Amino acid sequence: MNQMVSLAAVGGDLLSLVSAFLMFICVLALAYWFSRFLGKRLKLAGSSGSKHMKVIEQLSFRSGSFGKGTGEQLILLKIKEETYLIGVSAAGFQLLERLEGEFEEASPAETAAGTPAFTDVFRKYTVSFRKEKGKKDE
């Protein structure tokens, strides 16, 4: 009789383990599906669908220590056949220059290559933090 009870306990444990594993797989599948859905949705929301205006390149940077402060941007914008360099800040935007010549949109590979590695950015900010902390200690 004790042997039957222990087999039932092992079977119940095995069943709960299998059901937990299946639930985990379902959660992963739902997270994958939802992230793809959300990515497509945000991509569509971010595109203006304009046929006369196109952002060729965009450079974002932050002033102040540790990226605090207002975010400024330089935007290379093509409107019909004209190309403009626009500066954007918290105060608004300003036309910096009307440019001559043709500019091509950066490919995703070039954009990724121009993005600094996390370790480089982290090292830069930790060094600046140590310098600021050293100045405060003096």
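**H52 counts as partly exposed, at 44% relative accessibility.** Partly exposed lies between buried (under 20% relative accessible area) and exposed (over 50%), calculated with a 1.4 Å probe and protein chains only. The model is predicted: local features need pLDDT of at least 70 and side-chain atom pairs count only at pLDDT 80 or more, whereas totals for chains, interfaces and linings use all residues. Residues are numbered from 1 along each chain as its sequence is written, and side-chain values use heavy atoms, with hydrogens and water left out. H52 sits in the loop that joins helix 1 to strand 1 (53–62). Helices (H or I, at least four residues) and strands (E, at least two) are DSSP runs numbered from the N terminus. Leaving aside residues up to four places away in sequence, H52 touches K78, I79 and K80, a contact being heavy atoms within 4.5 Å. Between H52 and E81 the C-alpha to C-alpha distance is 8.6 Å, with 29 residues separating them in sequence.

**Overview of the protein chain, with 3 helices and 4 strands.** The order along the sequence is α-β-β-β-β-α-α. Among the 138 residues, 7% count as buried. Of the contacts with a separation of 6 or more, 22% are between residues 24 or more positions apart. The chain exposes about 12100 Å², and 65% of this comes from carbon and sulfur atoms. Accessible areas are from the Shrake-Rupley method with a 1.4 Å probe; for residues, only the protein chains shown count as cover.

**Strand 2 and strand 3 form a hairpin with 2 residues between them.** Strand 2 covers residues 71–79 and strand 3 covers residues 82–89; their pairing is antiparallel and runs over 7 bridges. Two strands pair if DSSP finds at least two bridges between them.

**K80 lies in the loop between strand 2 and strand 3.** K80 is not a glycine, yet its phi is positive, at about 55°. Most residues other than glycine have a negative phi. K80 counts as exposed because its relative accessibility is 56%. K80 is also one of the residues touched by H52.

**Salt bridges that involve R98.** The chain has 2 salt bridges, each defined as a side-chain nitrogen of Lys or Arg within 4 Å of a carboxyl oxygen of Asp or Glu. One of them joins R98 to E82, with the closest N and O atoms 2.3 Å apart. This pair links distant parts of the chain: R98 belongs to strand 4 (residues 92–99) and E82 to strand 3, 16 residues apart. R98 is partly exposed at 44% relative accessibility, and E82 is partly exposed with a relative accessible area of 28%. R98 also forms a salt bridge with E100, at 4.0 Å from N to O. E100 counts as exposed, with 63% relative accessibility. Through shared partners, these salt bridges join E82, R98 and E100 into one network.

**A nonpolar surface patch of about 790 Å².** The residues that make the patch are L14, L17, V18, F21, L22, F24, I25 and L28. L14 is located in helix 1 (residues 2–46). Patches consist of residues with over 30% relative accessible area and no salt bridge; like charges are joined within 9 Å, and nonpolar side chains (Val, Leu, Ile, Met, Phe, Trp, Tyr) within 5 Å.
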